[in-house]
Amino acid sequence: MYEKVFELIESRKDQLISDASELIGVPSVNPGQFEKEAAAAFAAQLKRDGINHEIVGPEPLRLSVLADLNGDAEGGVLFNGHLDVVPTGDEAKWTSPPFKAEVRDGRLYGRGSTDMKGAVNAFMHAMVAVRDAGVPLKKGVWLHAVADEECGGRMGTAWIADTGRLPPADMGIVGECSTYEGEVGIVRACTGIVQLKFESRGKASHAARPHEGNNAVINMCRVMIALQDKYERDTTVYDELLPPNTISPATTIKGGVKTNVIPDYCEAEVDIRVVPNMTPENVRAKIDKIIADVKAEHPEVDVTYTMGHWDPETLVPADAPVIKEAEKAVEKVMGYKPKHMKRSGTTDARFLNPKGIPSPVAFGPGDVVLGKMHDVDESVGVQDLINWSKIYAAMIISVCS
Ligand SMILES: [Zn+2]
């Protein structure tokens, strides 16, 4: 069964590369032109290959494509990949135009090749091959090609999750890059993030009469230094791959208008990385206590803050079924076990895990070292795409048939 499916994927190699090239040719830049045209192009490919799908989205330009095989089933696997891409940077620095895909020395070049239109087509060709080989499916296979991953995901996977459009899948695969110098890996863990904005209010006066004013910048500094020195980080080791949490106060700070004026306003930002057992409530309680202690010593301090969106950590245990299935699939295709890895940046997996679909951070084509994602001359190995399509197909056969 596996061999037949793998042969079908090999036989459609040119089609896979031509499909990925077509998607790369649509400049779905976020922010910018957005995903509407890319969603239409991908939907046309699905239609050509007879895969059931619909186009959905919260706004006319912010569209995602939801496709499935045997989508009425309970359980199975959900594949997730994004259709948006980051801006090109200086186009003059690209060897070939970023939105005109080109194969050179066995690599497919173009913006979105590795991050991650290549993965979207690898998913799709896995589904087509499984169906064409006549693999009987007991469970469902879903493919979400989504909008807005590069700018927070609120218009894509988060919207799909919040509007009840996630399927009853047993596990999820987000096909972001997890290949390192040609070796296939699996990213199991990354910290979450919350960003805070602090405001300090004081009183302006002439700098020659500072006692008549109240310096909002100095007050802000007292609070930022207290956060740096007094905030107790959670140093629990939850998993060997999950870094302990961090706090970085004053990553930005703005205040003051003129050298001879005592500033009456200052704002600063703080970046906190999130691990299990941290909640908005217990983080607030720690910060409130630190500000209160500063104020007890310096009553002139008037600092408030707002907390941004709370993005939880992604942590899938090494023995979770999705990790075991991913390992089995890599062994089948590559002949070795994938390395388990961590990553600092988060992916759309953070929207799937809280909804009961265990999904590692990243498991997909694209080479973190060679692929140059978000850089000029982004590329993906042609054979990598074929191998990954086989890996996804092997997962479908094992999980769903
Ligand atoms: Zn990406």
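**Close-up views of a predicted model**

**View 1. Arg104 and Lys332 each place a charge over a tyrosine ring.** The charged end of Arg104 lies over the ring of Tyr109, 3.9 Å from its centre; here a charge sits over a ring if NZ of Lys or CZ of Arg is within 6 Å of the ring centre and within 35 degrees of the ring normal. Likewise, Lys332 has its charged end over the ring of Tyr2, 4.1 Å from the centre. A friendly note on the source: this is a predicted model, where local features need pLDDT of at least 70 and side-chain atom pairs count only at pLDDT 80 or more, while totals for chains, interfaces and linings use all residues. Residues are numbered from 1 along each chain as its sequence is written, and side-chain values use heavy atoms, without hydrogens and water.

**View 2. Trp388 and Tyr392 form a tilted aromatic pair.** Their ring centres are 5.6 Å apart, with 45° between the planes (rings of Phe, Tyr and Trp, the latter by its six-membered ring, pair if their centres lie within 6.5 Å; planes under 30 degrees apart count as stacked, over 60 as edge-to-face and the rest as tilted). Both residues belong to helix H10 and are four residues apart, about one turn of the helix; helices (H or I, at least four residues) are DSSP runs, numbered from the N terminus. Trp388 counts as buried at 1% relative accessibility, where buried means under 20% relative accessible area with a 1.4 Å probe, protein chains only. Tyr392 is buried too, at 0%.

**View 3. Ring pairs build an aromatic cluster.** Its members are Phe79, Phe123, Phe363, Trp388 and Tyr392. The structure holds eight aromatic pairs.

Definitions and conventions
Helices (H or I, at least four residues) and strands (E, at least two) are DSSP runs, numbered from the N terminus. Buried means under 20% relative accessible area, exposed over 50%, partly exposed in between (1.4 Å probe, protein chains only).
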